[in-house]
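Here is a short report on one protein model. Look it over first, then read on.

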Amino acid sequence: MKKKTIKIIVSLLLFAVSLLIPFQNVWINNSLYIISYLIVGLEIVKKAIRNIFRGKVFDENFLMTVATIGAFAIGEFPEAAAVMLFYQIGELFQSYAVDKSRKSITSLMKLKSDFANKKQEGKIQKVSPEEIKVGEEIVIKPGERVPLDGIVIEGSSKLDTSSLTGESVLRSIKVGEEILSGTINQTGVLTVKVTKEYKESTVSKMLELVENASSKKSKSENFITKFARYYTPIVVIIAVVLAVVPPFIFKNGTFQEWLYRALSFLVVSCPCALVISIPLSFFGGIGGASKVGVLIKGSNYLEQLSKTGIMVFDKTGTLTKGVFEVQSINNKNMSKEELLKIAAYAENYSNHPIAISIKKKYREKIDESKIRKIEELAGLGIQANIEGKQVLVGNEKLMKEKKITYEECKEVGTILYVAIENQFAGSIVIADEIKEDSKMALQELKQNGIYKTVMLTGDKSKVAQEVAKKLEIEEVYSELLPAQKVEKVEQLLKDKKANLAFVGDGINDSPVLAISDIGIAMGGLGADAAIEAADIVIMTDEPSKLVTTMKIAKKTMTIVKENIIFAITVKVAILLLTTIRIICNVGSSICRRRSICYCNIKCIKSIKSKK
């Protein structure tokens, strides 16, 4: 940018000196114009020649080179220098705009940490993040950026996740919790056990997405490229005809004058504005989305999203938090606290989300010496001896198999039934909570062109229907396996009137994300496979960001269309005026009255009277 700016300033000064100071020797002025031209235009001329040898003859570089060299040939030195100078000034502004947009995206590049504090044998060594292997320990001090994904094994702190997710609120982290690369440690010292190598870490994946974001061209961009490919040779042929044919047909006007008109026609018809403005508009949209924590892998997906009318959602982790919590405790013949304690002891050795939710609700320290003979019953639940009593914790099937009389719980959620010494003791209801912004997001999506919402889930029908009812989702399909989800989406794709977007977060969602018109992954807590298969990644896991992304997509496409319409309108208008001017000159030749234009009424009457 600096180099280009200096070149333009020097060229502009030489041009101004030559234009404003008429030297006695005209060649001094012309020499200054030539030097001014070479400073800013030599690069364009070289590029045009290089492209000709590569088979890419007709582009804006070719047009600019032919037009300016032709201007020199007819002695219009000021115009040749001016055309190239102003073209380069326009390029400078475009570069500045692209750079500004790129910065909004590549601010993500700051996520990369230049070093990692490797902990080995009690000593800390500063090394490159790429050198750290899975299982090794790193120390992250306050103010440092997290270099690699891992699990906190020592210390607690608060993390700034704004550069990763767009959220300004600090997030607390403690021992046993996952920490993602790219976040900034704010308060305490953390010791982290690395779970992913650098190339597989969150920050590396994000950088890869950003770097490849503009590599896939949208349909609009392809249109402009094709437009320039056919448009340029047509314009060049017209210009050649305009320069060569009229001097032999019409007596007025020299070859030099017609060549000048042809060159003017060439410069005016150059499609630079279209070729530059369309990619720039898309890049601006991608940059704007990245600022709010949404990564769009290509401009074609931005365009596709603007035309989306059907949105299909996974439930767990997408519309709901994906974290099970105890909703209610229905006790019988004992207190709720005692029932919860028995269930927590029985689930102590399990890592299932349901077991974790019960232990989280219990909060007290579990005395493992009171637990004996733990046995997991596949598809049923757990059997254990706690404080010398036989305890059963599981589903309805477990109660039926053990022939225990129980009271059916009709609440929505996952129901755990508890029996002590073959006597029913109560039930615990565990359910996944709906995300705070899910309902608002669905309402606003409907206001922004989404005419159909669908939910696909592997959860029970009763639970799915309850969530769908709360969120006002039109269609619900529950108890689906991954293959069945694919079948449902394929069916919806056949019947669609607009693009279909699928929003999910799990590994089982990857096939659906891949086959949809637009695959959108919740990237904050989503599975790597889902993020990889998706076209758009929402790093905050907030459904409301879908609305923001839809608005950005629609706004971007509006700007793209405005750019196309405006650029073509201006060109057509100027080319029409140029054509009218040529017709007027031709008319003048026919009438042989150089003072009267063909467009003049008197001239037209004169022609009619002669006929």
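## Basis and overall make-up

This is a predicted model, in which local features need pLDDT of at least 70 and side-chain atom pairs count only at pLDDT 80 or more, while totals for chains, interfaces and linings use all residues. Residues are numbered from 1 along each chain as its sequence is written, and side-chain values use heavy atoms, with hydrogens and water left out.

The protein has 21 helices and 22 strands. Helices (H or I, at least four residues) and strands (E, at least two) are DSSP runs, numbered from the N terminus. Of the 611 residues, 49% count as buried. Buried means under 20% relative accessible area, exposed over 50%, and partly exposed in between, with a 1.4 Å probe and protein chains only. Contact means heavy atoms within 4.5 Å. Among contacts between residues at least 6 apart in sequence, 61% join residues at least 24 apart.

## A seven-stranded sheet

Seven strands form an open sheet with mixed pairing. Their order is S10-S22-S21-S20-S11-S18-S19. Two strands pair if DSSP finds at least two bridges between them. The edge strands are S10 (294-296) and S19 (475-477), each pairing on one side only. From one strand to the next, the twist averages 20°.

Strand S20 spans residues 499-504 and is mostly covered, with six of its six residues buried. Asn 499, Ala 501 and Val 503 point one way. Leu 500, Phe 502 and Gly 504 point the other way.

S20 runs parallel to S11 (residues 308-314), and five bridges join the two. Thr 308 stands opposite Asn 499 of S20. Val 312 has Phe 502 as its bridge partner in S20. S20 also runs parallel to S21 (residues 518-522), here with four bridges. In that pairing, Gly 504 stands opposite Ala 521 of S21.

Ile 310 sits in strand S11. Why does Ile 310 count as buried? Its relative accessibility is 2%. Leaving out residues up to four places away in sequence, Ile 310 touches Tyr 451, Lys 452, Lys 496, Asn 499, Leu 500 and Ala 501. Tyr 451 is 141 residues from Ile 310 in sequence, yet the C-alpha atoms are 6.2 Å apart in space.

Helix H11 (residues 299-306) is mostly covered too, with seven of its eight residues buried. The buried residues are Ser 299, Asn 300, Tyr 301, Leu 302, Glu 303, Leu 305 and Ser 306.

Two packed helices are described by the angle between their axes and the distance between the axes. Axes are lines fitted to C-alpha atoms, for helices over the stretch in contact, and angles run from 0 to 180 degrees between N-to-C directions. Angles under 35 degrees count as roughly parallel, over 145 as roughly antiparallel, 65 to 115 as roughly perpendicular and the rest as oblique.

The axes of H1 (residues 2-20) and H2 (residues 26-53) come within 8 Å and cross at roughly 165°. H1 and H2 are therefore roughly antiparallel. H1 passes H2 in a left-handed crossing, meaning that the near helix is turned anticlockwise from the far one by less than a right angle, whereas clockwise would be right-handed. Residues of H1 including Leu 14, Phe 15 and Val 17 meet residues of H2, among them Leu 32, Ile 35 and Ile 39. The contact residues divide into eleven nonpolar, four polar and one charged. Here Ala, Val, Leu, Ile, Met, Phe, Trp, Tyr, Cys and Pro count as nonpolar, Asp, Glu, Lys and Arg as charged, and the others, Gly among them, as polar.

## Helices H12 and H13

The axes of H12 (residues 336-346) and H13 (residues 353-362) come within 9 Å and cross at roughly 135°. H12 and H13 are therefore oblique to each other. H12 passes H13 in a left-handed crossing.

On the H12 side, the contact uses Leu 340, Lys 341, Ala 343, Ala 344 and Tyr 345. On the H13 side, the contact uses Ile 358, Lys 359, Lys 361 and Tyr 362. These residues divide into six nonpolar, no polar and three charged.

## Ser 544 in helix H20

Ser 544 lies in helix H20 (residues 544-591). At 16% relative accessibility, Ser 544 counts as buried. Apart from neighbours within four places in sequence, Ser 544 is in contact with Asp 437, Met 440 and Ala 441.
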